[in-house]
Amino acid sequence: MKFLDLQKNILSGILLEAEGKNTHLEHLEDNIYNKGFDGAKEAVDYLYSLHQMLEGESDAKISMTTKWDGAPAIICGKDPETGKFFVGTKGVFAKKPKINFTPQDIKENHPDPELQDILNVALENLSKLNIQTVVQGDMLYKKDTLKQGNINGEEVVYFNPNTLVYGVPVQSDLAKEILASQIGIVFHTEYVGGPTLADTQAKFGYDSSNLTKTPAVWFRDATIKDLSGTITLTEKEGKDILSAIQIADRYLKAVGKPMFDWVQKGNEVIGKDFIVYLKAHINANIREMESFEQDAVKFASDFTQSYIARMTKKIDGYKTEQKKDEYTQVLVQGVKFLKEHVNSIVGIYNLYLKLIQAKNLIVNKLETIRQMPTFKETDKGFEVTGEEGFVAVDRSGNALKLIDRLEFSRLNFGLGKPGKWTYRKK
């Protein structure tokens with residue numbers, strides 16, 4: 001029941017995301033709304049493969065990476081057109097690319113002084129890694145943002161790039177490496193192809209082992225490499241995880257493919273925003289109730305009311321009576337549709353909850369191999385918390401997020417917009 005070195009299960013496929021760029025990963029459970037019955041089956045298959053991996057079976061069809069909570073996203077490397085080293089943010093993929101080869105480019109492309117400072121440090125130091133392709137990473141710190149202090153009775157070096165606080169004992173070799181560096185970054189994506197940067201496509205699961213080592217840069221890639229030895233599932237843990245997956249699987253078969261037709265029909269009747277509204281309603285529950293609604297019937301009723309409120313606000317925003325009348329008819333049709341498909345909404349949401357239950361059992365076990373101690377800052381000091389989560393990638397290159405959404409979403413909603421790149425001043 002050992003968790004083998006996951007480095008042996010390195011991603012063999014390619015993840016191609018929107019517009020060929022690494023833009024967004026979906027939660028495993030949301031797959032049932034994004035892709036219907038096929039997405040639900042895919043989510044269950046992921047869970048079976050993850051259980052197989054945790055049991056130590058070498059032919060597992062999933063590889064794993066850790067989601068580090070860094071910011072901003074840094075894209076850098078050798079420009080396919082010129083061969084010159086550059087740095088930038090996701091603006092390098094804009095219609096008018098903001099590619100920075102020099103400090104002057106950074107000044108002209110990025111008016112914010114703090115971002116200028118970050119990119120100048122990145123330009124000077126990441127060039128020392130001898131990157132031969134184009135890669136993306138999450139920045140963890142630059143030297144002047146590192147702090148030392150006492151967390152839970154231990155002197156640590158820590159940094160807080162976004163929501164989570166990362167800390168390591170100050171006397172450890174790892175802390176010494178971090179303190180000696182000018183910048184810290186975790187790479188996770190490579191961009192391949194060309195002939196221009198805009199033509200490249202994202203390949204998830206970057207291996208940084210071939211980069212040139214330099215004391216100036218503390219870097220890692222996101223692939224899990226069993227840093228803490230092994231994970232061992234107890235017999236009970238193994239049975240509990242498998243049982244939760246099997247319950248979800250049986251429920252999926254009971255629900256059946258026809259019940260998922262309402263998802264596609266919703267897009268046709270309500271419009272392209274249907275899935276957006278549905279997932280927004282789920283996230284609102286997390287933010288306002290700090291939980292997933294456990295009563296599927298109430299969820300269906302509340303979603304209908306949420307849909308009415310969103311559409312009413314949209315209608316009120318139109319200036320012409322013609323537009324108001326047009327979207328009032330859409331609202332009437334939408335409410336009628338939702339009421340006709342209450343049983344489907346309830347059945348699929350119950351499956352949604354069962355997928356979350358199975359996923360969280362796996363996430364809780366994966367957190368025992370955390371890459372670095374993580375904390376959240378509260379009014380009473382620092383509290384130990386889990387990492388942002390994990391990404392599971394199958395051999396076809398499909399990837400889904402594995403995150404304890406209740407915990408991490410509470411942190412994000414409490415501290416501001418997720419992904420904010422500015423460093424907090426303490």
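These legends walk through several close-up views of one predicted model.

**View 1. Here's the whole chain before we zoom in.**
The secondary structure comes to 11 helices and 14 strands. Of the 426 residues in the chain, 53% are buried. Now look at contacts between residues at least 6 apart in sequence: 70% of them join residues at least 24 apart.

Which residues of α9 are buried? They are Lys324, Tyr327, Val330, Leu331, Gly334, Val335, Phe337 and Leu338.

**View 2. Helix α8 begins with a side chain reaching for the backbone.**
Helix α8 takes in residues 296-316, 21 residues in total. Its reach from first C-alpha to last is 30 Å, close to the 30 Å expected at 1.5 Å a residue. Check the start of the helix: a side-chain oxygen of Asp295 comes to within 3.0 Å of the backbone nitrogen of Val297. Buried residues in α8 include Ala296, Phe299, Phe303, Tyr307, Met311 and Ile315. Phe299 turns up again in an aromatic cluster, together with Tyr33, Phe292, Tyr349 and Tyr352.

**View 3. Strands β2 and β3 make an antiparallel hairpin.**
Strand β2 covers residues 73-78 and strand β3 covers residues 85-88, and the two pair over four bridges. One to look for joins Lys78 to its bridge partner in β3, Phe85. Between the strands there are six residues. Where does a positive phi show up in this hairpin? Gly83 is the place, with a phi near 80 degrees.

**View 4. Asp221 is a buried residue in strand β10.**
Strand β10 spans residues 217-221. Is Asp221 buried or exposed? Its relative accessible area is 6%, under the 20% cut-off, so Asp221 counts as buried. A polar atom of the Asp221 side chain lies 2.9 Å from the backbone nitrogen of Ser208. Leaving aside neighbours within four places in sequence, Asp221 is in contact with Val186, Phe187, Tyr206, Asp207, Ser208 and Ser209.

**View 5. Two aromatic pairs show two ways for rings to meet.**
The structure holds 17 aromatic pairs. In one of them, the rings of Phe159 and Tyr166 have centres 5.6 Å apart and planes at 20 degrees, so this pair is stacked. Phe159 is buried at 2% relative accessible area, and Tyr166 is buried at 0%. Now for Trp262 and Phe274: their rings are 5.6 Å apart centre to centre, but with 80 degrees between the planes, and this pair is edge-to-face. Trp262 belongs to helix α6 (residues 261-269) and Phe274 to helix α7 (residues 274-289), so the pair ties together parts that are 12 residues apart in sequence. Trp262 counts as buried at 2% relative accessibility, and Phe274 counts as buried at 0%.

How values were computed:
Residues are numbered from 1 along each chain as its sequence is written. Side-chain values use heavy atoms; hydrogens and water are left out. Buried means under 20% relative accessible area, exposed over 50%, partly exposed in between (1.4 Å probe, protein chains only). Two strands pair if DSSP finds at least two bridges between them. A polar contact is a pair of N or O atoms within 3.5 Å; within protein, one must be able to donate a hydrogen and the other to accept it, and residues adjacent in sequence count only if both atoms are side-chain atoms. Contact means heavy atoms within 4.5 Å. Rings of Phe, Tyr and Trp (its six-membered ring) pair if their centres lie within 6.5 Å; planes under 30 degrees apart count as stacked, over 60 as edge-to-face and the rest as tilted. The expected span of a helix is 1.5 Å times one less than its number of residues.
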